[in-house]
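Here are a few exercises to work through with the model open beside you. Try each task before reading its solution.

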Amino acid sequence: MSATTAEAEAPRRPGLLARLLRDPAAAGALIFTLLLLAAAALAPWLAPTDPLDNNLALSMQPPGSPGLPLGADAQGRDMVTRMLFGLRASLLMGFSATLAGGVVGVLLGFLAAFYQRWLDGPIMRLMDMMLSFPAILVGLAIAAIFGPGLSSVVLALAIATVPLMARIARGSALVTMRLDYIEAARAIGMTDARLIWRHLAPNCLSAIFVFTTLRFGQVILLGSALSFLGLGAQPPTAELGAMASEGRNFLFFAPHIAVIPCIGIFAIVLAFNLLGDALRDALDPRLRF
Amino acid sequence: MKQLLAAALLAVSAGTALAQPAPRNTLVVLREIDADNYDPPRSTARSAGESIYMMSDTLVSLDWDMKTVKPGLAERWEVSPDGRTYTFHLRRDVTFCDGKPFTARDVVYTMNRWLDPATRSPVRWRAGPVKEIRARDDHTVEYELNEPYGELLYQLSLFFASIVDQATVERLGPNFGVQGFNGTGPYCWVSWTPRQELVLQKHPNYRWGPPIYANPAPQVDRVIWRVVPESQTRLAALQTGQADATQYIPPIAISQLRQMPNVRMSTQENYFWDYFVGFKVDKPVMNDPAVRRAINQAVNRAAIVQAVWFGSAKPADAYLNPNTAGYDAEAAKLVPGYDPEAAKRTLDEAGWRMGPDNVRVKDGQRASFLTYVINTQQSRQVLEAMQADLRRVGIEMKIQMWDATVGWGRLATQEFDAFMMSYPYVTATDGFSLYFDSRNRPTPNRMNWSDPATDRALEQAKVALDPAARMAAIAEAQRLVAAANVWFPVAREQLWVASSMRAEGVRAHGIYGVALYKGLDIRLTR
């Protein structure tokens, strides 16, 4: 009982948000990320038109046409609507892949670090093997087995994320494991599961959190690449990579169809990278001032 | 302004496209993909046909109207009264690329090799119900059939029936058409670098070209068939004189190319390369003729074809091109026109009621079907537009796009309800026998259309001795299929060839989708 009380009162660093907002780039990235998330979440209400409804008469209308601030795609669908829903699909894809790959990877990393004698070798060699496969190749293989689709892309990205997460988790867990309070918790007879959950995990979290943010941007980029190759979202689903892929055929004739989704991907990835960097700085005790 | 921008962009990208201007007296032809091999009976790729027509000859040739059979290696032929024996009288002045004279024995060898199961030709059926092929003398071949086959001459004009040299085939074995070739064509094999280029050089003695050309002999010293996968790069290379001809032009560029002063364009009205969506008629939802009819009524074919092909294809309001031999105008009238209100009525009358999610339901079955397609720009755009049109009448169309590497395998399964494809054909009987004969299930009859009346009509269309009876039979087959709405015919592609200003006499032919055919009238001015 007393152990639980002690944990509840464990010191927490105050003012993370304040420290983040002090850096203009970080503040900008944070605000922009929140705006993106809000736009994606509210897409069905924000979108001016039905994302699936086409009007071939408006096919490839350039940006600035009446009622079409960003123009229309080859099917004559409003690009504003397509972008909102594309953003939603891309973020959802990135989020689920990072979450799934992250949970599995972190778990494996902790197990490898905690049961170093028996599990470290097998798990980490497996992770090394997984790292040797490029994510695009994994995506191609999965699409060939299960058929192309957003779920195949999520699976491929999650698989590609697992070994990276496992390495980060194992690394920080190994450092934490040598600290005295872990030894102390062991000494009072705490079970392994509880030790990992209550002491190990919270103290490795900042490194994992920073890496997750950075990885999220990469996952979006990789997912867009897979979609661009036709392995991802199937028509009529809007997804940024698939939209760019569709538009590349008209690059010389209606550049906006490909360029606008590419700008979208660029902005998301940049925002998450800046945010990740800022978080790392803010969470790193050595950089505190 | 927009055109200027496009032209400027094309010019900029040309700088890095290809290394050098096309060499003197060498015709550089660009294409999108290479062939798997260049052995006539062993490849069905259009890219194989493009080069094989130049490297070899067929017994008969096909005129620009795509209906009239003209002499080729055979200067004349007779058909026996029972329609079972064709006697071909061969030209006497023909030699192979290696100088060996061409005789009836070469024809017999080529045909027997095509028919030999060991050759594993995917198009063996095209040779017909052969009983025996024999050389009566050095310059006469008798082609004897078990039953009449009215399609024979058309089939023998296709590149699969190109005459090859026995000694070279036996020397190269499975590498014939990979490491070398020996035919009687206007151009001879020099070298092949797969996925890059195939180089041919002029056959010096050749003067037995088909009479459809003004020149019986080739006019150019060398031909290079070069693979350039990106369409924008192909266009740029053509405009800057790094290449001389290509038929692989994105539809969106055609109207612009026609206005450009440094590119010539040639087209062919009698071009039979059609796009269609086929329905598996024995799967749930698809097995209701009313659904298939409603799909045909609900989709605005004309608008889709205009948006996807920009005027370089015509809406296919029938199963076949009206210029095809054997086309039946009555059958064409059975294909429903665009009328979304009628589509809704058709579905209402058949008991399909609107469900809560705007998809119709009948007996607990949602009006939803899964479509497989190989991922190309056109198929994607057509299906997406169809999907939107069908959504408006309460039918859900799901689309699954496959990469070509796995797509053909998937399209041979029974796991989908509909599919989209495009294909070349010569005659009505050719196209319909391919797709609607019950013996051709599961591929290419992916619709699983199994109808004894259609089978009987197709059989009659092939074996009947009287041309009028053959015509009546193929018309019957067209009516049966059209009335059942087994397909949604989409578009008839038009063939366009773009050529550089120095290349004169480039004329689009289009046999089996091949634009240049033998290319005998092509001449380079510098």
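**Exercise 1.** Find out which strands helix α3 of chain B lies across, and at what angle α3 runs to β6(B).

*Solution.* Keep in mind that you're looking at a predicted model. Start with residues 104-115 of chain B, which form α3. This helix lies across β5 (85-90), β6 and β7 of chain B. Then compare directions: α3 runs at about 165° to β6(B).

**Exercise 2.** Work out the strand order of the open four-stranded sheet in chain B, and say which strands sit at its edges.

*Solution.* Step one is the order, which reads β4-β5-β7-β6, with antiparallel pairing. Step two is to look for strands that pair on one side only: these are β4 (74-79) and β6 (130-137) of chain B, so they are the edge strands by the definition of pairing. Step three is the twist, which averages 20° from one strand to the next.

Now zoom in on one pair. β6(B) and β7 (residues 140-145) of chain B pair in the antiparallel sense over six bridges. Within this region, B:Asp137 stands opposite B:Thr140 in β7(B).

**Exercise 3.** B:Asp363 and B:Asn448 each have a positive phi although neither is a glycine. Place each one, then decide how exposed it is.

*Solution.* Take B:Asp363 to begin with: its phi is about 50°, and it's in the loop between β16 (360-362) and β17 (365-366) of chain B. There are 6 other C-beta atoms within 10 Å, and the cut-off for exposed is 12 or fewer, so B:Asp363 is exposed.

Next, B:Asn448 has a phi of about 55° and belongs to the loop between α14 and α15 of chain B.

**Exercise 4.** Describe the side of chain B that touches chain A.

*Solution.* Begin with the count: 25 residues of chain B are in contact with 20 residues of chain A. Next, see where they come from: α1 (2-17), α9 (301-309), α12 (377-393) and β19 (396-402) of chain B each supply at least two. The largest share, nine residues, comes from α12(B). Finally, sort chain B's contact residues by type, and you get 15 nonpolar, six polar and four charged.

How values were computed:
Residues numbered from 1 in each chain as written. Chains lettered and ligands numbered in written order. Predicted model: local features only at pLDDT ≥ 70, side-chain atom pairs only at ≥ 80, totals over all residues. Contact = placed C-beta atoms within 7 Å. Nonpolar A, V, L, I, M, F, W, Y, C, P; charged D, E, K, R; others polar. Buried ≥ 20, exposed ≤ 12 C-beta atoms within 10 Å, placed from the backbone. Pairing = 2+ DSSP bridges. Axes fitted to C-alpha atoms, helices over the stretch in contact; angles between N-to-C directions.
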